[in-house]
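User: Hi! I'm new to reading protein models. Could you walk me through this one?

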Amino acid sequence: MRRPQLDIQLKTPDQIEKMRAAGLVVAEALRRMREAVAPGVSTADLDAVAESTIREAGAVPSFKGYHGFPASICSSVNEQVVHAIPASEQVLREGDLISIDCGAVLNGWHGDAAITVGVGEVDPALLKMATVAEDAMWAGIAAAARGAASGKGRLTDISHAVEDAVRRGGRYGIVDGYGGHGIGTEMHQDPHVLNHGRPGKGPRLVPGMALAIEPMITMGSPRTVELADGWTVVTRDGSIAAHVEHTMALLPDGVWVLTAEDGGRARLGELVTARQPAPTP
């Protein structure tokens with residue numbers, strides 16, 4: 001079923017279960033890549049880890065071949081914000097900050113998530129920025145859960161919550177033009193989810209919506225430029241960026257963070273659906 005106007009695909013609980021399976025493949029790929037990040041490792045090495053993990057699970061990398069993209073992950077280092085292509089000549093160095101964006105499709109359903117990881121000893125200010133981005137992502141997810149539960153939530157409540165968390169975290173640029181998106185049988189669907197804005201606008205937040213919440217922030221200006229490769233987006237002023245993402249879905253009894261191993265329980269508590277089992281004592 002699709003909602004009119006923006007063509008928002010609403011999923012049944014059983015379809016969301018299928019998305020959860022894809023989300024867990026992404027979670028495992030990101031876990032292995034986080035462990036592999038170290039000085040001397042190339043972004044192509046990380047891409048190989050992702051592709052082997054995804055294919056071992058019987059899934060297919062969502063990114064590879066998408067509009068011609070040549071790899072299984074986006075590996076954006078330092079001033080690269082998003083969509084950077086992995087390369088054997090891009091070798092990680094002590095002090096770098098890398099965001100790794102990964103997607104997988106399993107039985108026709110997509111999962112999409114991103115992490116930002118420090119390489120070795122990293123400037124604490126950069127690690128704080130990455131933490132602020134992650135906190136903002138969770139604030140957006142929580143806003144979605146509360147909005148759906150009340151029956152009064154609107155899409156831009158997520159945007160406002162993300163922006164508010166970033167502003168409270170420090171003086172960071174919120175990247176212009178880029179944000180989250182709907183997700184399901186395609187990797188990118190309606191609606192676009194901005195990381196800033198006034199609350200109370202846009203379509204209602206209802207059970208069956210699945211969204212990728214995706215803050216991107218910088219240490220400086222929010223303005224970006226796309227490089228000649230047609231993919232890599234970098235900060236215009238050369239400031240370092242952070243990018244995080246989770247795929248989440250709204251169910252009648254709560255939210256399910258499909259690309260988090262615990263379904264979001266540690267960060268969201270009772271906002272999480274009963275379909276995600278509580279951890280055993």
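User: Where does His188 lie?

Analyst: His188 lies in the loop between strand E9 (180-182) and strand E10 (189-193). Strands (E, at least two residues) and helices (H or I, at least four) are DSSP runs, numbered from the N terminus. Residues are numbered from 1 along each chain as its sequence is written, and side-chain values use heavy atoms, with hydrogens and water left out. This is a predicted model, in which local features need pLDDT of at least 70 and side-chain atom pairs count only at pLDDT 80 or more, while totals for chains, interfaces and linings use all residues.

User: Thanks! And what does His188 touch?

Analyst: Leaving aside neighbours within four places in sequence, His188 is in contact with Tyr66, His181 and Gly182. Contact means heavy atoms within 4.5 Å. The side chains of His188 and Tyr66 are also joined by a polar contact of 2.8 Å. A polar contact is a pair of N or O atoms within 3.5 Å; within protein, one must be able to donate a hydrogen and the other to accept it, and residues adjacent in sequence count only if both atoms are side-chain atoms.

User: Why does His188 count as partly exposed?

Analyst: Because its relative accessibility is 40%. Buried means under 20% relative accessible area, exposed over 50%, and partly exposed is in between (1.4 Å probe, protein chains only).

User: Which residues does the UniProt annotation "binding site" cover together with His188?

Analyst: An unreviewed UniProt entry gives a "binding site" annotation that covers His83 and His188. They are spread over 106 residues of sequence but cluster in space, with a largest C-alpha distance of 14.1 Å. Both His83 and His188 are in the lining of the second largest pocket. UniProt positions are given in the numbering used here, feature names are shortened, and annotations may be inferred rather than shown by experiment.

User: Tell me about His83, then. Where is it found?

Analyst: His83 is found in the loop between strand E5 (80-82) and strand E6 (97-106). With 26% relative accessibility, His83 counts as partly exposed. Not counting residues up to four places away in sequence, His83 touches several residues, including Phe69, Tyr178 and Trp231.

User: New topic: at which other residues does UniProt place a "binding site"?

Analyst: The unreviewed entry places one such feature at Asp101, Asp112 and Glu245. They span 145 residues in sequence, yet no two of their C-alpha atoms are more than 7.9 Å apart, so they gather at one spot. From this set, Glu245 is in the lining of the largest pocket.

User: Is Asp101 buried or exposed?

Analyst: Asp101 counts as buried, because its relative accessibility is 4%. Its place is in strand E6. Among the residues that Asp101 touches, beyond those up to four places away in sequence, are Asp112, Glu214 and Glu245.

User: And Asp112, buried or exposed?

Analyst: Asp112 is buried, with a relative accessible area of 2%. It lies in strand E7 (residues 109-118). The side chain of Asp112 makes a polar contact with the side chain of His181 at 3.2 Å.

User: Which "binding site" feature has both Asp112 and His181?

Analyst: UniProt (unreviewed entry) places a "binding site" at Asp112, His181, Glu214 and Glu245. These are spread over 134 residues of sequence, but they cluster in space, with a largest C-alpha distance of 10.4 Å.

User: What does the side chain of His181 reach?

Analyst: The side chain of His181 reaches the backbone oxygen of Met187 at 3.1 Å. His181 lies in strand E9 and is buried, with a relative accessible area of 6%. Setting aside neighbours within four places in sequence, the contacts of His181 include Asp112, His188, Glu214 and Glu245.

User: Zooming out, how many helices and strands does the chain have?

Analyst: The chain has 5 helices and 17 strands. Buried residues make up 55% of its 281 residues. Of the contacts between residues at least 6 apart in sequence, 69% join residues at least 24 apart.

Technical notes:
1 Å grid on protein atoms, 1.4 Å probe; cavity = no way out; pocket = protein on both sides within 12 Å on 5 of 7 lines; lining within 4 Å.
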